[in-house]
Amino acid sequence: MSDDFMLDTDDLERRMEGAMASLRTEFASLRTGRASASMLEPVMVEAYGQLTPINQVGTVNVPEPRMVTINVWDKGLVNKVEKAIRESGLGINPQMNGTIIMLPIPELNEERRKELTKVASQYAEHARVAIRNIRRDGMDQIKKAKAEGMSEDDQKFWETAVQDLTNEHIAKVDEALEHKQAEIMQV
């Protein structure tokens with residue numbers, strides 16, 4: 001049994017990359033004072049009897065660095081889209097122009113920028129915790145194999161492999177956080 005043990009490091013890496021992808025999505029939803037279509041991804045509209053993402057009821061464009069427009073396809077949904085944006089907590093005041101909803105992105109003040117960097121830090125910490133949980137799963141598999149007769153050299157090899165993978169992904173999280181905080185604080 002001891003020689004047959006193979007830790008699925010590809011699975012661990014895939015799961016850690018999933019935590020990174022989740023972090024990137026959360027970072028994309030943070031407003032940095034610049035217009036981005038991705039900032040509307042979490043906003044859902046009550047359309048056709050169910051909650052629907054905005055990009056499925058209209059075309060989202062960024063015609064200017066500080067403006068997002070939504071060209072709603074169904075005239076009956078324009079008011080529902082506007083209401084969903086107002087209630088989303090994005091802090092944006094939609095302006096109507098027929099079936100087009102314009103979202104001017106206000107300049108962020110210093111206090112709001114600092115709040116957003118704290119939120120970004122929380123998102124990064126959640127990603128680190130997820131990565132550490134995946135590391136723990138890998139280490140548990142190694143301990144189980146050790147109990148079943150794995151040699152100490154093999155145990156050290158696999159533990160080092162899992163720790164290296166963890167360190168690599170934690171460094172990626174830290175780098176992404178640093179980049180996002182710099183982007184938020186940029187005036």
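Is R128 buried or exposed? R128 is buried, because its relative accessible area is 14%. Buried here means under 20% relative accessible area, exposed means over 50%, and partly exposed lies in between (1.4 Å probe, protein chains only). The structure is a predicted model: local features need pLDDT of at least 70, side-chain atom pairs count only at pLDDT 80 or more, and totals for chains, interfaces and linings use all residues. Residues are numbered from 1 along each chain as its sequence is written, and side-chain values use heavy atoms, with hydrogens and water left out.

R128 is found in helix α3. Helices (H or I, at least four residues) and strands (E, at least two) are DSSP runs, numbered from the N terminus. Neighbours within four places in sequence are set aside for the contacts of R128. Its partners are then I170, V173, D174 and L177. Contact means heavy atoms within 4.5 Å. H126 also belongs to helix α3. H126 is exposed, because its relative accessible area is 55%. H126 and K180 are 54 residues apart in sequence. Their C-alpha atoms are 15 Å apart in space.

Helix α4 covers residues 152–185, which makes 34 residues. From its first C-alpha to its last, α4 reaches 49 Å. This is close to the 50 Å expected at 1.5 Å a residue. The expected span is 1.5 Å times one less than the number of residues. The buried residues of α4 include Q155, W158, V162, L165 and T166. Also among them are H169, I170, V173, L177 and K180. The buried residues of α4 pack against α1 (9–29) and α3 (110–147).

Two packed helices are described by the angle between their axes and the distance between the axes. For α3 and α4, the angle is about 170 degrees and the axes are 10 Å apart. Axes are lines fitted to C-alpha atoms, for helices over the stretch in contact, and angles run from 0 to 180 degrees between N-to-C directions. The helices α3 and α4 are therefore roughly antiparallel to each other. Angles over 145 degrees count as roughly antiparallel, under 35 as roughly parallel, 65 to 115 as roughly perpendicular and the rest as oblique. The residues of the contact of α3 with α4 divide into 14 nonpolar, seven polar and 11 charged. Ala, Val, Leu, Ile, Met, Phe, Trp, Tyr, Cys and Pro count as nonpolar, Asp, Glu, Lys and Arg as charged, and the others, Gly among them, as polar.

The axes of α1 and α3 come within 10 Å and cross at roughly 170 degrees. These two helices, α1 and α3, are therefore roughly antiparallel to each other. On the α1 side, the contact is made by L12, R15, M16, A19, L23, E26 and F27. The α3 residues that they meet include A120, Y123, A124, A127 and A130. The residues of the contact of α1 with α3 divide into 12 nonpolar, one polar and four charged.

A28 also lies in helix α1. A28 is partly exposed, with a relative accessible area of 26%. Leaving aside its neighbours within four places in sequence, A28 is in contact with S38 and M39. The C-alpha atoms of A28 and L40 are separated by 9.6 Å. These two residues, A28 and L40, are 12 residues apart along the chain.

The strands come next. β1 and β2 pair in the antiparallel sense over four bridges. Two strands pair if DSSP finds at least two bridges between them. The bridge partner of E46 is L51, in β2. β1 and β2 form a hairpin with two residues between them. Y48 is found in the loop between β1 (44–47) and β2 (50–53). Most residues other than glycine have a negative phi. Y48 is not a glycine, yet its phi is positive, at about 55 degrees. Y48 is exposed, with a relative accessible area of 61%.

An open sheet of four strands has the order β3-β4-β6-β5, with antiparallel pairing. Its edge strands are β3 (58–64) and β5 (95–97), and each pairs on one side only. Neighbouring strands of this sheet are turned by 25 degrees against each other on average, direction ignored. Five bridges join β4 (residues 67–72) to β6 (residues 100–104), and these strands run antiparallel. The bridge partner of I70 is I101, in β6. Helix α2 (residues 78–86) packs on the sheet and touches β4, β5 and β6. The direction of α2 makes about 20 degrees with that of β6.
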